[in-house]
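I'm opening a notebook on this one and jotting things down as I look them up.

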Amino acid sequence: MIFQQTLGNKVTFSGIGLHTGKTITITLRPAEPGTGVVFHRVDLTPAVSIEAHGSNVVNTRLSTTIGRGEASVSTIEHLMAALYGCGIDNAHVDINGPEVPIMDGSAAPFVAAIVKAGIKESKKPRKYLVIKKPVSVTEGDKKASIIPSRHYKISFDMQFAHPAVKSQFRSFEFSQTSFTDEFAAARTFGFLAEVEMMKSHGLALGGSLDNAVVIGDNGVLNPEGLRFQDEFVRHKILDSVGDFSLAGHRLIGHVKATKSGHDLNHKLVMEILKRPDCYTLIEFTPQAFNAPFNLAMPELAWLEA
């Protein structure tokens, strides 16, 4: 798909905020080409609009938070992943609280809402951010990098020092079908000791077994078990899709992450954007997009497989 897309109609839904425990209502509305995704805190007077972009990220503790002045919206990553995964480039997001509702802990309810609203294609082409040179950020044993590729890929190596959680690795070549079928339903997860600590500090007040996978000393506490054998790393990839969507354009490159999270994902996005020598923006014509990654195309001759 080379043309920008938005929602066919508006759609409204409500859910519990993970940290506030309050019911929050969101309305997704169509937007004009070139708008991007813009959140509107409609509970404030006057309403405050915040573009979903890496430059507006103000906090990455436990989730990704964007802000403008005193206004902020947290836990945007699952909704952003759903919008990106469903091919939505432009949307208005009216929200009456400071965080996106956690729903069932995955992106699946957001995908369902987008499907309900429908998708409308414009006549304005997308611009793709194509990685030309490797970009990397490292903090201790954590690393996130992106290298040139003909496709958008994410390879994630997840490691935890917990006897009930094995290390998991998965590599994902992005497509709308594979995202919605194989990753959107993967739920957020946490360790019981950490959940109890967060609640004692006034966080995770809306968290429960209905909206997260909770891991105890001997394994998963949710009576229904896991949705996928490797649900943890699938959710890490889901989070990454949402976080990297804040680059502002659809990516063409191979993300390789080891023990990464929202903070390192954000730092990689900003490192990419501040190094224009490492990427190029390409607007594909309908004719060129029939074979967009043909190495015979001069502007893409440097791409790796």
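Predicted model: local features only at pLDDT ≥ 70, side-chain atom pairs only at ≥ 80, totals over all residues.

**Entry: helices over a sheet**

I looked up helix α2 (residues 108–117) and found that it lies across β2 and β3, at about 165° to β2. Those angles are taken between N-to-C directions and run from 0 to 180 degrees.

Next I checked the sheet itself. It is an open sheet of 5 strands with mixed pairing, in the order β2-β3-β9-β4-β5. I noted β2 (11–16) and β5 (48–51) as the edge strands, each pairing on one side only. From one strand to the next, the twist averages 25°.

Inside the sheet I picked out β4 (residues 37–41) and β9 (residues 91–95), which pair in the parallel sense over 5 bridges. In that pairing, His40 stands opposite Asp94 of β9. A reminder to myself: strands of a sheet pair through backbone hydrogen bonds, either parallel or antiparallel.

Then I turned to helix α1 (residues 77–85). It lies across β3 (23–30), β4 and β9, and runs at about 145° to β4.

**Entry: how covered is α1?**

How many residues of α1 are buried? I count 9 of the 9, so the helix is largely enclosed by the rest of the structure. The cut-off behind that word is under 20% relative accessible area. The buried set includes Glu77 and His78 as well as Leu79 and Met80. Just after α1 I came to Gly87, which takes a positive phi of about 85°.

**Entry: a three-stranded sheet**

I found another open sheet, this one of 3 strands in the order β6-β7-β8, with antiparallel pairing. Its edge strands are β6 (57–59) and β8 (71–73), and each pairs on one side only. The twist here averages 45° from one strand to the next. I also looked at β7 (residues 65–68), which pairs with β8 in the antiparallel sense over 3 bridges. The bridge partner of Ile66 in β8 is Val73.

**Entry: strand β11**

Is β11 (residues 127–131) largely enclosed or open? I see that 4 of its 5 residues are buried, so the strand is largely enclosed by the rest of the structure.

I then listed its partners. With β20 (residues 279–283) it runs antiparallel, joined by 5 bridges, and there Val130 stands opposite Thr280. With β19 (residues 250–258) it runs parallel, joined by 3 bridges, and there Tyr128 stands opposite Arg250.

**Entry: salt bridges**

The count comes to 16 salt bridges. I followed up a few of them.

Asp89 forms a salt bridge with Arg126, and the closest N and O atoms are 2.9 Å apart. Asp89 has a relative accessible area of 16%, so I put it down as buried. Arg126 is also listed as buried, at 6%.

Arg187 and Glu231 meet through their side chains in a salt bridge of 2.8 Å, N to O. Arg187 is in the loop between α3 (176–182) and β16 (189–191) and Glu231 is in helix α5, so this pair ties together parts that are 44 residues apart in sequence. Both Arg187 and Glu231 are buried.

Lys267 and Asp263 meet in a salt bridge of 3.1 Å, N to O. Both lie in helix α6 (residues 262–273), 4 residues apart, or about one turn of the helix. Lys267 is partly exposed at 34% relative accessible area, and Asp263 counts as partly exposed at 28%. I also noted a network in which salt bridges that share partners join Arg170, Glu182, Asp230 and Arg234.

**Entry: a patch on the surface**

Last, I looked for nonpolar side chains at the surface. Leu192, Leu209 and Leu221 form a nonpolar patch there, with about 220 Å² of accessible area together. I located Leu221 in the loop between β18 (219–220) and α5 (231–244). With a relative accessible area of 41%, Leu221 is partly exposed.

Terms used. Residues numbered from 1 in each chain as written. Heavy atoms only, no water. Buried < 20%, exposed > 50% of the residue type's maximum accessible area, 1.4 Å probe, protein only. Helix = DSSP H or I, 4+ residues; strand = E, 2+ residues; numbered from the N terminus. Pairing = 2+ DSSP bridges. Contact = heavy atoms within 4.5 Å. Patch = residues over 30% accessible without salt bridge, like charges linked within 9 Å, V, L, I, M, F, W, Y side chains within 5 Å. Areas by Shrake-Rupley, 256 points an atom, 1.4 Å probe, with all protein chains shown as cover. Salt bridge = Lys/Arg side-chain N within 4 Å of Asp/Glu carboxyl O.
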